[in-house]
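User: I am new to reading protein models. Please take me through this one in short steps.

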Amino acid sequence: LVGDRVIVCSSLSIDTERFVDTTFKQRVYDILLVGYAYPGRVKFVEELCRHLDRKRIHIVGDGWNDAGFEAFSTSTFLDTAHLYSQTKAVICVHRGHGDCVDGPYEPQLVQRGYVEGMGGARVFVDTSRPDHAFDDGEVEWFDTAHDLFVKLDRFLKLPEAKQEAFAAPLRERCWRDFTYRTRMARIINAVRSPRFGAVIP
């Protein structure tokens, strides 16, 4: 939701339950960060890399190469979902205030972590957006780059079985409750009116 508008991205139409294969168990990447290189996000990752070896972070998104990072260009939804299934930890960093647009249409309810969690990665979410519906233990919250580094370092030092155990609650909930279809249904039903003329069961 942006202001009084509903913004729908193309990936919302994909039936994740049918097309996202998360059976791949070998986790070849330590950390994955997906998203455009907004200035606030670049600054955050630069600060994180003061504590963390850049080679441990796999970045997917446009603009990062121009900012001095090695990164892969934006991939398709399914290719990105497959990356989540190969990754131990996923970082969700929201856009900083002023990165795109300020004022009445600045996104306030953008939630990240659901599709990331479907692949079984441990999801780390910044606290800049307060309206998440995650339960205790489902994701790892962080405030600063140093706080994130400490939590990532602690997690990645755990045995693989422990890492999987920490990630399991969110993965199970995502597959049960947070497919893109159920999320879109909740959005439409929450704001439905004669101008939408639709209710999704």
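User: At which residue does α6 bend, and by about how many degrees?
Analyst: This is a predicted model, so local features are read only where pLDDT is at least 70. In α6, a proline, Pro169, follows the bend within four residues. The bend is about 40 degrees, and its place is Ala168.

User: What span should the 18 residues of helix α6 have, and how far apart are its end C-alpha atoms?
Analyst: Helix α6 covers residues 160-177. The rule is 1.5 Å a residue, and the count used is one less than the number of residues.

User: Which residues in α6 are buried, and what covers them?
Analyst: Buried means under 20% relative accessible area. In α6 that holds for Gln163, Ala167, Leu170, Arg173 and Cys174. Their cover includes β3 (87-92), α4 (114-118), β4 (122-126) and α5 (145-156).

User: Is Tyr84 buried or exposed?
Analyst: Tyr84 sits in helix α3, residues 77-84. Its relative accessible area is 6%. The cut-off for buried is under 20%. Tyr84 is therefore buried.

User: Which residues is Tyr84 in contact with, leaving aside neighbours within four places in sequence?
Analyst: Contact here means heavy atoms within 4.5 Å. With neighbours within four places in sequence left aside, the partners of Tyr84 are Arg27, Leu32, Val34, Val90, Val115, Glu116, Gly119 and Ala121.

User: How far apart in space are Tyr84 and Met118?
Analyst: In sequence, 34 residues separate Tyr84 and Met118. In space, the distance runs from C-alpha to C-alpha. It is 7.9 Å.

User: Why does His58 count as buried?
Analyst: His58 belongs to strand β2, residues 57-60. Leaving aside neighbours within four places in sequence, His58 is in contact with Tyr29, Ile31, Leu32, Leu33, Phe72 and Leu83. Buried means under 20% relative accessible area. His58 counts as buried because its value is 13%.

User: Which residues lie nearest the centre of the second largest pocket?
Analyst: The second largest pocket has a volume of about 270 Å³. β1 (29-34) and β2 are the elements that give two or more residues to its lining. The lining holds 15 residues. Those nearest the centre are Arg54, Lys55, Ile57, His58 and Glu70.

User: Is Lys43 buried or exposed?
Analyst: Lys43 is part of helix α2, residues 39-49. Its C-alpha atom is 9.6 Å from that of Ala67, 24 residues apart along the chain. Exposed means over 50% relative accessible area. Lys43 has 59%, so it is exposed.

User: How far is the C-alpha atom of Thr144 from that of Phe44?
Analyst: Thr144 lies in the loop between β5 (140-142) and α5. Its relative accessibility is 42%, which counts as partly exposed. Along the chain, Thr144 and Phe44 are 100 residues apart. Their C-alpha atoms are separated by 8.2 Å.

User: Among contacts in the chain between residues at least 6 apart in sequence, what share joins residues at least 24 apart?
Analyst: The chain has seven helices and five strands. Buried residues make up 42% of its 201 residues. Of the contacts between residues at least 6 apart in sequence, the share joining residues at least 24 apart is 67%.

Notes. Residues numbered from 1 in each chain as written. Predicted model: local features only at pLDDT ≥ 70, side-chain atom pairs only at ≥ 80, totals over all residues. Heavy atoms only, no water. Buried < 20%, exposed > 50% of the residue type's maximum accessible area, 1.4 Å probe, protein only. Bend = angle between axes of the 7 residues up to and from the residue. 1 Å grid on protein atoms, 1.4 Å probe; cavity = no way out; pocket = protein on both sides within 12 Å on 5 of 7 lines; lining within 4 Å. Points joined across faces, edges and corners; volume = space filled by probe spheres on them.
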